[in-house]
Amino acid sequence: MIGLLATHNHPLYYSTVNHIAHQLNYKIYVLVDTLGLSANQLQIFHERTGGNFNDTMLGHDLVESNKLLMEKFDSHNGYEMQDYVDKNSIELLVNIGTPRRISKQTLDCCKYGVLNIHPGQLPKY
């Protein structure tokens, strides 16, 4: 099983979840961090991607599918989310947009860890 780490207002959220739901023939867990991206984080995203991704899908419904299992969490790094991953035998998490750095505990909570999708220049830390 795979889980998608998502944020409700990330520009890639709706299109990525819809695309994955159409491609895969098994359950997909969508784990939504309720924090959301700040206006500053959204601006940085648009700058890093050269404006090639927009938020035209925001507010649209996700594809109707019994394959999508949505769950909201206060944080992708919280114990509740990590426990949910364990109880549902999620083996791989795919980060399609989270407002937080992913903790070591989250990275280690599933068999194959976390795959990060990063559609722009890597941040300079």
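The model is predicted, so local features need pLDDT of at least 70, side-chain atom pairs count only at pLDDT 80 or more, and totals for chains, interfaces and linings use all residues. Residues are numbered from 1 along each chain as its sequence is written, and side-chain values use heavy atoms, with hydrogens and water left out.

**Overall fold**

The chain holds four helices and five strands. Both are DSSP runs numbered from the N terminus: helices are H or I with at least four residues, strands are E with at least two. From the N terminus, the order is β-α-β-α-β-α-β-α-β. Of the 125 residues, 42% are buried. Buried means under 20% relative accessible area, exposed over 50%, and partly exposed in between (1.4 Å probe, protein chains only). Among contacts with a separation of 6 or more, 74% join residues 24 or more positions apart. A contact means heavy atoms within 4.5 Å.

**Helix α3**

Helix α3 spans residues 79-87 and includes Q82. Its buried residues are M81, Q82, D83, Y84 and V85.

After α3 comes S89, with a positive phi near 55°.

**Q82**

Q82 counts as buried because its relative accessibility is 14%. Beyond its neighbours within four places in sequence, Q82 contacts H76, N77, S103, Q105, T106 and C109. D108 is 26 residues from Q82 in sequence, yet the two C-alpha atoms are 9.1 Å apart.

**S75**

S75 sits in the loop between β3 and α3. This serine counts as buried because its relative accessibility is 16%. The S75 side chain reaches the backbone nitrogen of N77 at 2.9 Å. Leaving aside neighbours within four places in sequence, S75 touches D33, M81 and R100. M81 is also one of the buried residues of α3.

Conventions
A polar contact is a pair of N or O atoms within 3.5 Å; within protein, one must be able to donate a hydrogen and the other to accept it, and residues adjacent in sequence count only if both atoms are side-chain atoms.
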